[in-house]
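Student: I would like to learn how to read a protein structure. Could we go through one together?

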Amino acid sequence: MRKTGAQLLRYALEQVGVRFTFGIPGVHTTELYDELNASEHITPILVTHEGGGAFMADAISRTTDTPGTLLVVPAAGLTHAASGIAEAFLDGIPMLVISGGIRTDSGHRYQLHDIDQSALMKPITKAQFRLLRHQDVVPTLFEAVRIAYDGEPGPVYVEMPLNIAAFAGEVEGELPVFRPAAAPSLPPEVLAQVSSAVELLKRAKRPGIFAGWGARFCEEQLTALAEQLNAPVSTTLQGLSVFPGNHPLFAGFSFGPHAVPAAAHAFQDCDCLIAIGTRFAEIPTGSYGLKVPENLIHIDINPAVFDANYPAKVKLPGDARLVVGALLDGLQVAGFRSTVDGSALQTQLKRDKLAYHDEWFGHDSGHRVNPARFFSHLRHVLADDAIVVADDGNHTFLTAELLPMHRSRHFLSPSDFNCMGYCVPATIGAKLAHPEKQVVGIVGDGAFLMTCMELVTAASNELGVVQFVFNDGELSQISQAQEIPYNRKVCSVLGVVDFAGVALATGCEYRLMAGNGDVGPVIDEAMKLAAQGKPVVVDVRVDYSKRTRFTKGIVATNLKRFDTRTQLRFVGRAVWRRVTG
């Protein structure tokens, strides 16, 4: 049979369950877009910038079991999208990245968009393919999806040259049917190591659990493990929702000197730590300020993470669902009984959380919005299955410390690549995937300015998402980091922005939250407007004068790493500038 590459692409994407593509059409992709427009299963979404499209695709993959898919023009479209692709690569998010390509049959050099795109994508994707035959289109796309989900997930790149996309070519036989990969199993050597982990846990007096994004599919097993061990659970930033935030054993985001009191106290005497689906990267460890016990049981799909930053006594490579399930079985066979006073632990956690809550509520925010009062009311109006998206900045760690999440895969945030501008487009992707759920964004004013024009995409598609813009006129996470050692702020103070004008220009509703008295009424009204399919921009005049535990902790951790002379230089310079003005 004869088929165009565009027809074959549509068939393949329908087979793998793609529901949306994101991008901006161009001369190399018009045939692809025209074909997808005829699909009953796929909706091409026009974005205002391919970087925003990549974050939308990322959110699709994080919140569903189908691959978020980019469809972009070659060269400029691909480089615009690169930040979102790299975020997915470092965060372990599957993504299908499809671009057009120059003609391979013309014999001409210096064609429009003529660059080596596979070389460009090599450092930020798991695999790269260039389609040169119509016969290869469907199998290659199937293989790309398989690779994207195999092992530690990530993006895969496929280039379709214009002549393959637009012209018909011969395809032999029937088109193949996509068959998902077989369910993984644990090899015998991993099962053998489970018994070693059980032995460590039997001897432990204060076990603890540290869970990351890799634990997102094993909420049930993770909860059962915590309850059987009577162990406190803390999470990484990316894994914030993998354990229910309203469970009495939830301690908070991370542990150690940069963590909230509940987590810092609960893990203080931890003598056996189970780390699940975390790489012990810089953010979740508070710039590697964690003290991890010698008895570390490390579970991860990628064996390369073992011993990278903290040595593990027992290494368990594999899918977290299977490994944690095997660990539960091993504990049961061994007749394990926890010696931890679970009631006392839960009482301590509850007491510490209440004290931290009261500390924040007691903070005088003047005429601005107290973050704890904001998050307290937001949690009150959000359903358990609401999706919360944060960006990168000071607001991220306020969210992590003050807003408990109740369902796995319902909190999204850029993590290891740490790309500002994630929030606005990611809320759009999440809302497209889950139109029945509440979707809200928590975004700093600096990050909002990077991608706020994607609100046009939200308005055009009648997506009721709420963007709570934490507005203090600064890049606060950086300005606070500058203020302590330098006593000055360099290139971190923003210009004057009229957020009401941004909302008006993009077809959104606008509401101002000027002080604490506005918190309840404005949040309530914004959520009602969103329920009617209207995107809303809420200008939150936030008070950042009280530092998060995370900010204070990492500053102290990093300062301690300097030699005495450098410490004195930093402190002396800050004091001198404060005295001299």
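Student: Are α9 and α11 roughly parallel or roughly antiparallel to each other?
Tutor: Keep in mind that this is a predicted model. Two packed helices are described by the angle between their axes and by the distance between those axes. Here helix α9 (residues 219-229) packs against α11 at an angle of about 30 degrees, and the axes are 9 Å apart. Angles under 35 degrees count as roughly parallel, so α9 and α11 are roughly parallel to each other. The crossing of α9 past α11 is left-handed.

Student: Which residues of α9 and α11 make the contact?
Tutor: On the α9 side they are Gln221, Leu222, Ala224, Leu225, Gln228 and Leu229. On the α11 side they are Arg321, Val324, Leu327, Leu328, Leu331 and Gln332.

Student: At what angle do the axes of α8 and α11 cross?
Tutor: The axes of helix α8 (residues 188-203) and helix α11 (residues 320-333) cross at roughly 60 degrees and come within 9 Å. That angle makes α8 oblique to α11. The crossing of α8 past α11 is right-handed.

Student: Which residues meet where α8 passes α11?
Tutor: From α8 there are Leu191, Val194, Ala197, Val198 and Leu201, and they meet Ala326, Leu327, Gly330 and Leu331 of α11. The contact of α8 with α11 has eight nonpolar residues, one polar and no charged.

Student: Next, the nonpolar cores. Which residues touch the most other members of the largest nonpolar core?
Tutor: That core has 99 residues, and those touching the most other members are Ile209, Leu225, Ile274, Ile276, Phe374, Phe468 and Phe470. Take Ile274 as a case. Apart from neighbours within four places in sequence, Ile274 is in contact with Leu201, Gly208, Ile209, Phe210, Leu225, Leu229, Ile297, Ile299 and Leu327. There is also a second, separate core of 52 residues, and among its members are Ile387, Val389, Ala426 and Leu432.

Student: How do I read burial for a single residue? Is Leu349 buried or exposed?
Tutor: Look at the relative accessible area; under 20% means buried. Leu349 has 0% relative accessibility, so Leu349 counts as buried. This residue lies in helix α12 (residues 342-361). Not counting residues up to four places away in sequence, Leu349 touches Pro248, Leu249, Phe250, Ala251, Ala262 and Ala266.

Student: How far apart are Leu349 and Ala263 in sequence and in space?
Tutor: They are 86 residues apart in sequence, and their C-alpha atoms are 7.8 Å apart in space. Glu525 lies in helix α20 (residues 519-531) and counts as partly exposed, at 36% relative accessibility.

Student: What can be read for a loop residue such as Asn230?
Tutor: Asn230 lies in the loop between α9 and β10 (233-235). Its relative accessibility is 17%, so Asn230 counts as buried. Asn230 and Asp341 are 111 residues apart along the chain, with 7.4 Å between their C-alpha atoms. Leaving aside neighbours within four places in sequence, Asn230 is in contact with Ser338, Val340, Gly342 and Leu345.

Student: Where is Ser287, and is Ser287 buried or exposed?
Tutor: Ser287 is in the loop between β12 (272-276) and β13 (296-300). At 7% relative accessibility, Ser287 counts as buried. Ser287 is a residue other than glycine with a positive phi, near 60 degrees.

How values were computed
Residues are numbered from 1 along each chain as its sequence is written. This is a predicted model: local features need pLDDT of at least 70, side-chain atom pairs count only at pLDDT 80 or more; totals for chains, interfaces and linings use all residues. Side-chain values use heavy atoms; hydrogens and water are left out. Axes are lines fitted to C-alpha atoms, for helices over the stretch in contact, and angles run from 0 to 180 degrees between N-to-C directions. Helices (H or I, at least four residues) and strands (E, at least two) are DSSP runs, numbered from the N terminus. Angles under 35 degrees count as roughly parallel, over 145 as roughly antiparallel, 65 to 115 as roughly perpendicular and the rest as oblique. A crossing is left-handed if the near helix is turned anticlockwise from the far one by less than a right angle, and right-handed if clockwise. Contact means heavy atoms within 4.5 Å. Ala, Val, Leu, Ile, Met, Phe, Trp, Tyr, Cys and Pro count as nonpolar, Asp, Glu, Lys and Arg as charged, and the others, Gly among them, as polar. A nonpolar core is a set of buried Ala, Val, Leu, Ile, Met, Phe, Trp, Tyr and Cys residues joined through side-chain atoms within 4.5 Å. Buried means under 20% relative accessible area, exposed over 50%, partly exposed in between (1.4 Å probe, protein chains only).
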